[in-house]
Structure formats: structure tokens, C-alpha cells
Amino acid sequence: MNTNQQIIEGMFKDYAAGNMSAVISCFDKDIEWVRAGAPAIPFSGNFVGLEAVIKMFAIQASTISIKTFVPEKICTNEDTVVVLGHDIVDVEATGKTYATDWVQSYTFKNAKIIHVRVYLDTKAIADAFVS
């Protein structure tokens, strides 16, 4: 198995267990995390640098409650690992729930994640954030 895939599998297990320090340790200090989305989604945008990604995770933790977060398939090619999955999430401020399939693409350099791009149904998420 590819080492980068092992890192991703471990990271997802740590995320599910709430071990955020282990999750953060997978990222390079110059990480760039890109998640498209409407302004209504507080954790969408481009997050550059480890502190910005930590802030993005903190925003998620304070605005949503994840009911289900399932990585279903992992595809690996040299320095890239792509994960397909789905989640079901409650939005704290509105009480609404959204469900979406997603794709997360991770790029590695020297066994650290240097770039993440997330693809998902941003309209469903934005709608759940609007009262």
C-alpha cells in the first residue's frame, strides 16, 4: 500500500476519534486547503498555512455537528490521494440538516499534505445555513 494512502487512512481514523492534534500533524506548515462555497458557509474558502487550516477546523467545530462522515473509497496515484465519501451534518445555528457526497483530493510532498481541494454540493450546505 502507498505510504500516502496509509497517512490518509490514519488521518481519517484520527478525525473520527476526535484526535485533532494527530490530524493536524499530517499537514505541511504551508498547507493550502481549498473548499468552494457560498458566503453563508463559514468554513468555505481558501485557507493557506497551518494556522488557517486549524482555524477552519475550529469554525467547523463551532458551527456544525457531524452525524455521519464516511470515507467510502480511496484512490492513490504517486503524490495524490483522492477520497470519495459522504456526510450528514446538523447546522447548529439553524437546526437544519444537510447530506452531501464529497470528493477530497490530497497532494503530498515529503510525506506531508501540502494541498487539499474539496468538491461537494455547496448549495445543499449553504441552504442549511440560511434561516
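**Before you start**

This is a predicted model: local features need pLDDT of at least 70, side-chain atom pairs count only at pLDDT 80 or more, and totals for chains, interfaces and linings use all residues. Residues are numbered from 1 along each chain as its sequence is written, and side-chain values use heavy atoms, with hydrogens and water left out.

**Stop 1: the whole chain**

Show the cartoon. The protein has four helices and six strands. Helices (H or I, at least four residues) and strands (E, at least two) are DSSP runs, numbered from the N terminus. Read from that end, the elements run α-α-β-β-α-β-β-β-β-α. The radius of gyration is 14 Å, close to the 14 Å that the globule rule gives for 131 residues, so the protein is as compact as a globular protein of that length. That radius is taken over C-alpha atoms; the rule is 2.2 Å times the number of residues to the power 0.38. Along its principal axes the C-alpha trace spans about 45 × 30 × 25 Å.

**Stop 2: the sheet**

Select the six strands. They form an open sheet in the order β2-β1-β6-β5-β4-β3, with mixed pairing. Two strands count as paired if DSSP finds at least two bridges between them. At the edges sit β2 (45-48) and β3, each pairing on one side only. Neighbouring strands are turned by 15° against each other on average, direction ignored. Axes here are lines fitted to C-alpha atoms, for helices over the stretch in contact, and angles run from 0 to 180 degrees between N-to-C directions.

Now pick β3 and β4. They run antiparallel, joined by 12 bridges. Lys73 has Leu84 in β4 as its bridge partner. The two strands form a hairpin with two residues between them. Click Glu78 in the turn: its phi is positive, about 55°.

Move to β5 and β6. This pair is antiparallel too, with eight bridges. Gln104 stands opposite Val118 in β6.

**Stop 3: helices on the sheet**

**Stop 4: the cavity**

A cavity is a set of points, on a 1 Å grid over the protein atoms alone, where a 1.4 Å probe fits but cannot get out; a pocket is an open set with protein on both sides within 12 Å along at least five of seven lines; lining residues have an atom within 4 Å of a point.

The count is one cavity of 30 Å³ or more. β5 gives the most to the lining, with five residues. The lining divides into 17 nonpolar, three polar and two charged residues.

**Stop 5: the pocket**

Where does the largest pocket lie? Select Glu9, Phe12, Lys13, Tyr15, Ala16, Phe69, Pro71 and Ile74, which line it. α1 and β3 each give two or more of these residues, and α1 gives the most, with five. The space inside is about 180 Å³.

Conventions
Grid points are joined across faces, edges and corners, and a volume is the space filled by probe spheres set on the points. Ala, Val, Leu, Ile, Met, Phe, Trp, Tyr, Cys and Pro count as nonpolar, Asp, Glu, Lys and Arg as charged, and the others, Gly among them, as polar.
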